[in-house]
Amino acid sequence: MNFKPALFLNDLKIALRSLMRAKGLAITVILTLALGIGANAAIFTLVRGVLLRPLVNRDEDRLIYIRQRAPGIGTENTYFSVPELKDIESGVKTISEFGDFSTISFTMVGLGEPREVQAGAVGGTYFDVMRLHPVLGRLIGPQDDGPKAAGVVVLTYRFWSSALHSDPNVLGKTVRLGSGVMGTRSGTIIGVLEPSIPYPADTEIMANVVTSPHHLSATMIEGRVHRMTELFGRLAPDATLEQTRAELRTVYSSMMSQNPKDYSKQADSQISATRLREQITSGARTILLVLLAASGLVFVIAVSNVANLILARSVRREGELSIRAALGASTATLRRTLLAESLLLCGAGALLGVLSARPMVAVLARYASRFSIRALDLTVDSSMLWVGAGLAMIAAILLAFVPRLPSAGSSQGFGLAAGSVRITGGTNRRLRLFAMTQIAASFLLLAGASMLLKTLLDMQNARPNLDANRVLAVNVPVDSYGKKPEEINHFYEETIRRVSGLPGVDAVAVGDAVPWRDTQFNFQLQFSGDGHVKGPGEEDPRTQVRTVSPGFFAALHVPIVEGRDFNDLDRQDKEPVVVISQSVAQRMFPGRDPLNRHLWWTDPVIKFIGMEPTPRRIVGVVADIDDTHVIPAPTLTVYDPMEQQGLFGGRLFVHTHSNPYALVTPITQLIRSMSADQPIEKAATLEDVRAEVLTPDRLNSLVFGGFALVALAIAVVGVAGVLAFSVSARTREFGIRLAIGSQPSRLLAGVIREGAVMAAAGIAAGAVGASRAWRVVICWT
Amino acid sequence: MKMPSPLPVVASAFILLLAAVAASALPAARAARVDVIQALRAE
């Protein structure tokens, strides 16, 4: 192609004048391209910011996360115990530094309102390994390790800036940290962490191990099966990740063979190591890549639609192009003219797209933050411009080569003798091909969005075995400061008594965990029961454990299938009793009445968490409550009475026949009158808690539904445009057919049939594409 | 991962087909209303 800049500049001026005479077409093309390019630029910015942007941790490519999993019992992350950490740290040489982190909850008093905070209990090397810096004060270091060290606390940047309004005077303040029945410690605030991705948990504070009495106990230090800690490491200078993985597997295998009773065969325990950035972004990777694919489809649809418009325009300009060709313009020259026009259109579309991408990035970032917190601190940079420019170039070149150019070699020569619009077979095929491409891509988006919508509707319509609408759940975490265990129970009993007296209250109870929200309390214990015989090689089943007050099942309207609820006679000095879920009854006592039979804990971890293997008499059977999944599944749950097995979590449940939220203030005042430092937080109905859990699925349906509707609109306009153009070119044919006796209804049916056939062909192509894409997804996952 | 339900896929195909047929209605109506004399005279 003859590409002298001066000539091309001239072509651009001519193209601009030509487009000014076809303003409608130009605006349509620019807007369509802006949509396709803008969506892609925004989503690329999101993908780059969440998946590809380096972490703020220095030398982050050497930073790894080490995980222990037990796929045999469905546990993706079992964490590590202190003896396991010591074995790994002493045995693995390809990791030069180790840092540990345990997620725990504290009630924190002394920094504004008393509150329950998520905290990380960290070792002195944690921040060195993570290579993070403070913005205020200092971070926890090796000098803060050991049972005699003073308690110290570091605030996360998010907590410090949002809850404490970046108060610079926070350093040196002392807070009281309560660990429920385990006891209370104090800690001095020594620093504020720089903004960084919270991992492995989104905590408000980090504290040294001495602030958690449980972490200093013998059970934590010596118990190999008491696993609470997560492990990070830095690769040694010459070590590769593959070498480290191999060495970890060897050390782990040796550890298991030396302690066989602590690693059950059924669990199939394994160890793995991943770069921290991959670990952090793994939750968002799939959704972002699917979003990228969806925006790619929108781009294909937009370009196909524009290609049809350009093709139609070139057919109408055939006369002009033919005259120029007859006067000596080469194919290259004519093609350069078309390229100039498409560059102008695509450039304008890209500019508008990039400008509109900024607000799109802000909206999409809020959506993506549900899957990865990295999306919240996204910055729009020049990469968006490059993406826009790149896509514009691709579209411009494609569109320049779409129209067929007149040539002397064709059967009608330059076609100068033809009067009206004349569509050749080749042009017709291209028009239909582009329309079918739009239909195929729209079908993929529509099918995907429909599947997400169906999943969402299934989840919304699934009803749990409790009354979620009229139950208010409030976090009233256990505050043991200055209280004996019996005083803690008395506090909750008195709370229940007083709240029951409020107007509109039907029933009140206390439990460990709010369904669907307190998933951190979802641990399972092995157990056995009267007459239960294990099969060869079978292990004792595992069940969820919940501690509840009398009246819990009545408050949540959970049906009692057999027997009774707990009552005031089920006290510490009486016979241990339990209530079981229906699934436990069916599993342990099939075909037999479970009432008055016994079950007992057999899990080796119970000695570390203050539980006894004493047989407990079954006094009641209740319907299953799946408080982990939105679509309920059969769930093994054993309930202990609060008086016999102390509360771990501290959650108040209030069933009311009036507005649940109207009770929040009186409940808060009532509890504060009993204990001024008691944290009272997160009051919400169980229905709202459930709806909150469904929010990511709802957002997915909204976003992909939006993509699908836009794609559908463009594709429908594309089909209509192709048919309208075809009809206008066939006016003479229709006139002749009508003149010789054809019925208008036959012409109408013929055109509609054309449109339907085009759509059906596009849908078939889309279906083939969808099945191929599904196979790729299966292989990938 | 299990195979997704066919209902959303079938429903999507149906919606698209319906939309394409609806989009074809306007050009089809124009074709049926062509003025015979005008069409032949234009040649």
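Apart from its neighbours within four places in sequence, Gln678(A) is in contact with Pro114(A), Val476(A), Pro477(A), Asp479(A), Phe491(A), Ile671(A) and Arg672(A), contact meaning heavy atoms within 4.5 Å. The model is a predicted one, in which local features need pLDDT of at least 70 and side-chain atom pairs count only at pLDDT 80 or more, whereas totals for chains, interfaces and linings use all residues. Residues are numbered from 1 along each chain as its sequence is written, chains are lettered from A and ligands numbered from 1 in the order in which they are written, and side-chain values use heavy atoms, with hydrogens and water left out.

Gln678(A) is found in the loop between helix 17 (664–674) and strand 21 of chain A; helices (H or I, at least four residues) and strands (E, at least two) are DSSP runs, numbered from the N terminus. With a relative accessibility of 0%, Gln678(A) counts as buried. Buried means under 20% relative accessible area, exposed over 50%, and partly exposed in between (1.4 Å probe, protein chains only).

Strand 11 (residues 471–475) of chain A has five of its five residues buried, so this strand is largely enclosed by the rest of the structure. In a regular strand the side chains alternate between the two faces of the sheet. Both faces of strand 11 of chain A are covered, with Val471(A), Ala473(A) and Asn475(A) buried on one side and Leu472(A) and Val474(A) buried on the other. Strand 11 of chain A pairs with strand 20 (residues 651–656) of chain A in the antiparallel sense over five bridges, where pairing requires that DSSP finds at least two bridges between two strands. An antiparallel pairing over three bridges joins strand 11 of chain A to strand 21 (residues 681–685) of chain A. Ala473(A) stands opposite Phe653(A) in strand 20 of chain A and opposite Ala684(A) in strand 21 of chain A.

Strand 21 of chain A also holds Lys682(A), a residue other than glycine with a positive phi, near 55 degrees. Lys682(A) is exposed, at a relative accessible area of 53%. A positive phi, near 70 degrees, is likewise found at Asn596(A), a residue other than glycine. Asn596(A) lies in the loop between helix 16 (582–588) and strand 17 (598–601) of chain A and is partly exposed, with a relative accessible area of 47%. The peptide bond from Tyr199(A) to Pro200(A) is cis, with omega near 10 degrees; Pro200(A) is found in the loop between strand 7 (184–193) and strand 8 (205–208) of chain A.

In helix 14 (residues 485–500) of chain A lies Glu493(A), which is partly exposed at a relative accessible area of 27%. Neighbours within four places in sequence aside, Glu493(A) is in contact with Arg571(A), Met642(A) and Glu643(A). The C-alpha atoms of Glu493(A) and Ser549(A) are separated by 8.3 Å, the two residues being 56 residues apart along the chain.

Over all chains the count comes to 36 salt bridges, a salt bridge being a side-chain nitrogen of Lys or Arg within 4 Å of a carboxyl oxygen of Asp or Glu. The side chains of Asp640(A) and Arg616(A) meet in one of these (3.5 Å, N to O). Asp640(A) lies in strand 19 (residues 637–641) of chain A and Arg616(A) in strand 18 (residues 616–622) of chain A, so the pair ties together parts that are 24 residues apart in sequence. Asp640(A) and Arg616(A) are both buried. Asp167(A) and Lys173(A) form a salt bridge through their side chains (3.7 Å, N to O); Asp167(A) is partly exposed at 22% relative accessible area, and Lys173(A) is partly exposed at 34%. In the salt bridge between Asp262(A) and Lys261(A) (3.7 Å, N to O), Asp262(A) is buried at 15% relative accessibility, whereas Lys261(A) is exposed at 72%. A network of salt bridges links Arg432(A), Arg730(A), Glu733(A), Arg737(A) and Glu754(A).

Between chain A and chain B, 38 residues of chain A are in contact with 29 residues of chain B. The two chains bury about 2800 Å² between them, 85% of it on carbon and sulfur atoms; buried area is the accessible area (1.4 Å probe) that two parts lose on being put together, summed over both. In chain A, Arg732(A), Ile752(A) and Trp774(A) lose the most area to chain B, together 17% of what that side buries. Zero salt bridges are counted between chain A and chain B.
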